Protein chains: 2
Amino acid sequence: MKWKELEEEPCSMARTIGVIGDRWTLLILRECFLRTRRFEGFQSALGITRHLLAERLKKLVRLGILRRIPYQEAPKRHEYILTQKGLDLYPIMMALVHWGDTHMVDERGRPLLHQHHKCGKNFDPVMVCSECGEPLLAKEVHTHPGPGAQSPLTIAAPDKPKAKARRSAA
Amino acid sequence: MKWKELEEEPCSMARTIGVIGDRWTLLILRECFLRTRRFEGFQSALGITRHLLAERLKKLVRLGILRRIPYQEAPKRHEYILTQKGLDLYPIMMALVHWGDTHMVDERGRPLLHQHHKCGKNFDPVMVCSECGEPLLAKEVHTHPGPGAQSPLTIAAPDKPKAKARRSAA
DNA sequence: TCTTTACAGTTCTAAAATAGAACTGTCAAC
DNA sequence: GTTGACAGTTCTATTTTAGAACTGTAAAGA
């Protein structure tokens, strides 16, 4: 499966993965949320090769997740800033951090604490139901096809004959 | 940067990315949450090559995200079931789906709806503060180093001399 | 003026990961 | 005794990444 194909799957998760589902893109976005904005900033913070960084930044701009804004003329220079679409990735970032905080910390504890302006406390992110406000558990959620569905299950209609025919074709 | 190194970075997000930050792993986990449990099930639903599927399942088992449980003797067969550690990835999955629902749907609408058992309604996941219950916005959160920090900022202490010295070394 | 530095890339080659297909092996059913 | 389900493993070819060097503009300093 190519990356491009992912973006066309009838599954919101697959499409999202097609956009941000690789290591470097995710790390670049982490830096964006930490207020890094410039090429050199990303490069030195991440140790990513310049080649890949340039390529990923282009992709994020093309997808409307970052905006490329000039901050000086003369030698033309640009900053990369999160758009609203990019800012909307925040829950994903927080969910990733929280899982790491829960399952991947060593004996020293969390590398980073998060403080909420509104209440002033260090917090954990909690995912709740938009309708009743209760925390969401996988077992308490039932999925069913929406208007954009193509298969009775969520996802990835295996509409490629290959998938099933693979062995009998031999 | 190698995948192994990621898991040792002083950043919970980097560590999480080291575990689940690739396309196929994420898609395999999606299938797990949709109750797929067997090798052939994953393979035909995803179209992943058998080689990679075997490799990724091993990794997920090694990391304690899936458990490999025999479901028949004779030809020994196993199922792959989410552990609690794996189930805890649910907010990440939901956050990915929700972003896709918001920004990647086509004119037909969402491929999949989610219904909450407790309240019976279709819902969106909302990420809130564990302390005050208010929805979290990136701009209202301040990060500061925790006990496991190694750099004043969250993350990725660029402790590799290469990062800065790269040009002057030439 | 000449050199160095900051910055933002681009362009190579080598190494690693992934795709794609076929092969292995056990057992049940036809 | 042949076929099919299932769960892998083993190949080669293609794509991606890593790693390092090179390009080019302009400011700062010797």
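Student: Which strand of chain B do five bridges join to strand β3 (residues 112-116) of chain A?
Tutor: Helices (H or I, at least four residues) and strands (E, at least two) are DSSP runs, numbered from the N terminus. Two strands pair if DSSP finds at least two bridges between them. In this case there are five bridges, the two strands run antiparallel, and the partner in chain B is strand β5 (residues 141-145).

Student: What kind of model is this?
Tutor: Residues are numbered from 1 along each chain as its sequence is written, while chains are lettered from A and ligands numbered from 1 in the order in which they are written. Side-chain values use heavy atoms, with hydrogens and water left out; local features need pLDDT of at least 70, side-chain atom pairs count only at pLDDT 80 or more, and totals for chains, interfaces and linings use all residues, this being a predicted model.

Student: Which residue of β5(B) is the bridge partner of A:H116?
Tutor: In β5(B), A:L112 stands opposite B:P145. For A:H116, the bridge partner in β5(B) is B:V141.

Student: How much area do chain A and chain B bury between them?
Tutor: Buried area is the accessible area (1.4 Å probe) that two parts lose on being put together, summed over both. Of the area buried here, 65% is on carbon and sulfur atoms, and the whole comes to about 9300 Å².

Student: Which three residues supply 8% of the area that chain A buries against chain B?
Tutor: Contact means heavy atoms within 4.5 Å, and by that rule 101 residues of chain A touch 102 residues of chain B. Three residues of chain A supply more of its buried area than any other three, and they are A:M13, A:R23 and A:W99.

Student: Which helix gives the most to the side of chain A that touches chain B?
Tutor: A polar contact is a pair of N or O atoms within 3.5 Å; within protein, one must be able to donate a hydrogen and the other to accept it, and residues adjacent in sequence count only if both atoms are side-chain atoms. Between chain A and chain B, 32 residue pairs are in polar contact (both at pLDDT 80 or more). With 12 residues, the helix that gives the most on the side of chain A is α7 (residues 90-103).

Student: How many salt bridges are there between chain A and chain B?
Tutor: A salt bridge is a side-chain nitrogen of Lys or Arg within 4 Å of a carboxyl oxygen of Asp or Glu. In one salt bridge, A:R15 meets B:D106, with the closest N and O atoms 3.8 Å apart, and a network of salt bridges links A:R15, B:D106 and B:R108. Between chain A and chain B the count is four.

Student: How far apart are the closest N and O atoms of A:D124 and A:R110?
Tutor: A:R110 also forms a salt bridge with A:D101 (3.7 Å, N to O). A:D101 counts as buried because its relative accessible area is 7%, whereas A:R110 counts as partly exposed at 24% relative accessibility. For A:D124 and A:R110, the distance is 2.8 Å.

Student: Which residue forms a salt bridge with B:R56?
Tutor: The N to O distance is 2.7 Å, and the partner's side chain is that of B:D22. The pair links distant parts of the chain, 34 residues apart: B:R56 is in helix α5 of chain B, and in the loop between α2 and α3 of chain B is B:D22.

Student: How many of the nine residues of helix α2 (residues 12-20) of chain B are buried?
Tutor: Among the buried residues of α2(B) are B:M13, B:R15 and B:I20. The buried residues pack against α3 and α7 of chain A, together with α1 (3-6), α3 (23-33), α5 (50-62) and α7 (90-103) of chain B. The helix is mostly covered, and the number of buried residues is nine.

Student: Is A:A74 buried or exposed?
Tutor: Most residues other than glycine have a negative phi. Phi of A:A74 is positive, near 65 degrees, and A:A74 lies in the loop between β1 (66-72) and β2 (77-82) of chain A. Because its relative accessibility is 74%, A:A74 counts as exposed.

Key:
Buried < 20%, exposed > 50% of the residue type's maximum accessible area, 1.4 Å probe, protein only.
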